[in-house]
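My notes follow the structure.

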Amino acid sequence: MKKILWDIDGTLLNFDLAETIAINNCFDIFDLEKPTEEMIRAYKKINTNYWERLERNEVTRDEVLLGRFRDFFDLYGIDSKNVEHFNYNYQMELGKTYVFNPYGKEIVNHLVGKYDQYAVTNGSLTAQRGKLEGSELNKIFKQSFISELIGFEKPDIKFFDFVFKKIGSYKLDDYVIIGDSLTSDMLGGVKAKIKTIWYNPRAKENHLNLPIDIEISSLDEVENALVKIFE
């Protein structure tokens, strides 16, 4: 059976929406004035920067989870004494929001029995477990691999080596990774020497010039892409 490694946030699930809801809910929990759209955009930019630095092994996971909120609070003059508590609540709120991207739920269900499906995510343990359970993706995937548990992040080859070992197969031609991130999913797939499908609905530039096998703009293109990849 061929094996699909699915990214979660931004690929199957709408992470942009989850972030916005989680931030707003946390501001309510801490009795802070409702954040503006500009503030939420600023947080997302800071957060993305931290995660990309983590992918390059420039910072630790704790520095990501807490540093992003320290920087964000400093930017808008918010007292940062409760950063750790705020981050804890943020993880909990993220885990409560699981909205599928278009065709996300349909495609994973449609592929049951045709492929072995797995989750591979850099998200935090608390948030990802909540999403996988709430969305019931955990009932579809044979296993879920979360970087916080593994100890390595995509695109680190050690993350993929762990996955291959746990699945019990190093036959690389049997694997494909499907994800939206060029710097974690696609770069990780290239490093691991497995097939790659880049979910790129916003037509971003392949600025790393990675040799991606197939690029798609919608998840309803996945099945045809899989046929082409494995033919």
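I counted a contact where heavy atoms lie within 4.5 Å. I took helices as DSSP runs (H or I, at least four residues), numbered from the N terminus. The model is predicted, with local features needing pLDDT of at least 70, side-chain atom pairs counting only at pLDDT 80 or more, and totals for chains, interfaces and linings using all residues. Residues are numbered from 1 along each chain as its sequence is written, and side-chain values use heavy atoms, without hydrogens and water.

Helices α1 and α2. I found that Phe-15, Asp-16, Glu-19, Thr-20, Ile-23, Asn-24 and Phe-27 of α1 meet Met-39, Ile-40, Tyr-43, Lys-44 and Asn-47 of α2. By class, I noted six nonpolar, three polar and three charged residues in this contact (Ala, Val, Leu, Ile, Met, Phe, Trp, Tyr, Cys and Pro count as nonpolar, Asp, Glu, Lys and Arg as charged, and the others, Gly among them, as polar).

Helices α1 and α4. I looked up the contact here and found Phe-86, Asn-89, Tyr-90, Glu-93 and Leu-94 on the α4 side, with Phe-15, Ala-18 and Glu-19 among the α1 residues they meet. This contact has 10 nonpolar, two polar and two charged residues.

Domains. The assignment, automatic or from a database, gives domain 1 (3-14 + 100-230) and domain 2 (15-96). I noted that their contact takes 21 residues from domain 1 and 14 residues from domain 2. The centres of the two domains, taken over C-alpha atoms, are 25 Å apart.

Terms used. Helices (H or I, at least four residues) and strands (E, at least two) are DSSP runs, numbered from the N terminus.
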